[in-house]
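Subject: Structure for you to look at

Hello,

Here is the structure I said I would pass on. My notes on what was found in it follow below.

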Amino acid sequence: MKHMLFLLITFKIIKKKLTKLRERMGFQTTHNTKKSKDDSNNAHEQQHSLIPRALNLTHHNLTTNNTKFIHSGYDSWLVTHPSALSLFDKMMEGVDEKRIVVFLDYDGTLSPIVNDPDRAFMSDEMRAAVSEVATYFPTAIISGRGREKVKDFVKLNNLYYAGSHGMDIMAPSVPINQCDKTTLHTNGNGVPFQPAKKFLPAIQEILKRLENVIKGIEGASIEDNQFCISVHFRQVHEKDYNVLEEKVKSVLEKYPLFCMTEGKKVMEIRPSIKWNKGNALEYFLETLGLSNSNNFLPLYIGDDKTDEDAFKVIRSRGQGYSIIVSSTPRETCALYSLRDPSEVLMFLSRLAKWRKRS
Ligand SMILES: [Mg+2]
């Protein structure tokens, strides 16, 4: 028995010494296994609970910073392109309310940008606002769409329409200074002006070829705008975009008198003539009898790259207001900005009210 007891004590001493030796060598002790496991689980749980928190924090910081960046980017952009709503009173200070001429783009300006271009409807409120504005000021819509198509969307007869980026204009038949106000505002019909008329046969050819080549590309659609063609790719899968672009370019190679530009998820094919929305604006002013007058203000609202040509005209004339519709900072020749079509609606309503009060 004594012998057994001695052996047990010796074993415990040796075990203790070995444990100390292992600890000195940097090994973990094996005792308190349960506690270690619990600690490990706790640490694991803590780590997992911290990781999302850290990620969330990082994400939050990034989001906050990005938001701040976007906001501060937009805010600083607003310094150079102030809101036409915020500065409305200042813009209209000293303006003779009878000499404003209003020009409006359609898609993205009066209507929201939608996936299906055939469903880019404007709201009844917007229609009412545009109609009211047109009762007070000569008003024209200048769109990339076919003229008849944009007229179908707008459904108003008391304004003028230009389609195909200004290549199809129905202008006033009588200059404004030679007719009374009633004549001008009760009849939107006028004299057609179509500077790209000779290209019509080629446009129809291109249209047919494009319809053939896009057949295999899901989501691609073609819109016949009479004097230009739109290839919509908003619903085309990203992986198919390059193929679509190549196919469109291959068709255009055979038509050197045509060019392609890109808008919002749309490729525009049109004749390479020096005629754009800026020329259309000038043409309207001429037919309204205002081209040589300093006593009027063209006001142009648009969201598209093609609207920049009209902004440039206003800038070079040194008279009028150019207003870009954009919710992000953009390089533009426009002096003022509105965030989206809902702000365009507010601006037009305010313009009509201001004229009513004057
Ligand atoms: Mg537009």
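This is a predicted model: local features need pLDDT of at least 70, side-chain atom pairs count only at pLDDT 80 or more; totals for chains, interfaces and linings use all residues.

E6 and E7 (residues 229-232) are paired in the antiparallel sense, over four bridges. They belong to an open sheet of four strands with antiparallel pairing, in the order E6-E7-E9-E8. The edge positions are taken by E6 (221-224) and E8 (258-263); each has a single partner strand, so one side of each is left without a neighbour in the sheet. On average, neighbouring strands of this sheet are turned by 20° against each other, direction ignored.

Two helices pack on the sheet. Helix H7 (residues 200-213) touches E6, E7, E8 and E9 (266-271), and its direction makes about 15° with that of E7. Helix H8 (residues 241-252) touches E7, E8 and E9, with its direction at about 155° to that of E8.

Next, the nonpolar cores. The largest has 55 residues, and the members that touch the most others are Val101, Phe103 and Ile141. Leaving out residues up to four places away in sequence, Phe103 touches Ala140, Ile142, Leu281, Pro298, Leu299, Tyr300 and Ala310. There is also a second, separate core of 20 residues, which includes Phe199, Ile206, Val231 and Val251.

Helix H9 (residues 277-287) is largely enclosed by the rest of the structure, because eight of its 11 residues are buried. These are Lys277, Gly278, Asn279, Ala280, Leu281, Phe284, Leu285 and Thr287. Their cover includes strands E1 (100-104), E2 (139-142), E3 (160-163), E4 (168-171) and E10 (297-302), together with helix H10 (308-317). After H9 comes Gly289, with a positive phi near 75°.

The last item is a helix pair. H4 (residues 124-136) packs against H11 (residues 341-357) at an angle of about 35°, and their axes are 9 Å apart. The crossing of H4 past H11 is left-handed. On the H4 side the contact is made by Glu125, Met126, Ala129, Val130, Glu132, Val133 and Tyr136, and on the H11 side by Pro341, Leu345, Leu348, Ser349, Leu351, Ala352 and Arg355. By type, the residues of this contact are 10 nonpolar, one polar and three charged.

Regards

Note on methods: Residues are numbered from 1 along each chain as its sequence is written. A nonpolar core is a set of buried Ala, Val, Leu, Ile, Met, Phe, Trp, Tyr and Cys residues joined through C-beta atoms within 7 Å. A residue is buried if 20 or more other C-beta atoms lie within 10 Å of its own, exposed if 12 or fewer, and partly exposed in between; C-beta atoms are placed from the backbone. Two residues are in contact if their C-beta atoms, placed from the backbone, lie within 7 Å. Axes are lines fitted to C-alpha atoms, for helices over the stretch in contact, and angles run from 0 to 180 degrees between N-to-C directions. A crossing is left-handed if the near helix is turned anticlockwise from the far one by less than a right angle, and right-handed if clockwise. Ala, Val, Leu, Ile, Met, Phe, Trp, Tyr, Cys and Pro count as nonpolar, Asp, Glu, Lys and Arg as charged, and the others, Gly among them, as polar. Two strands pair if DSSP finds at least two bridges between them.
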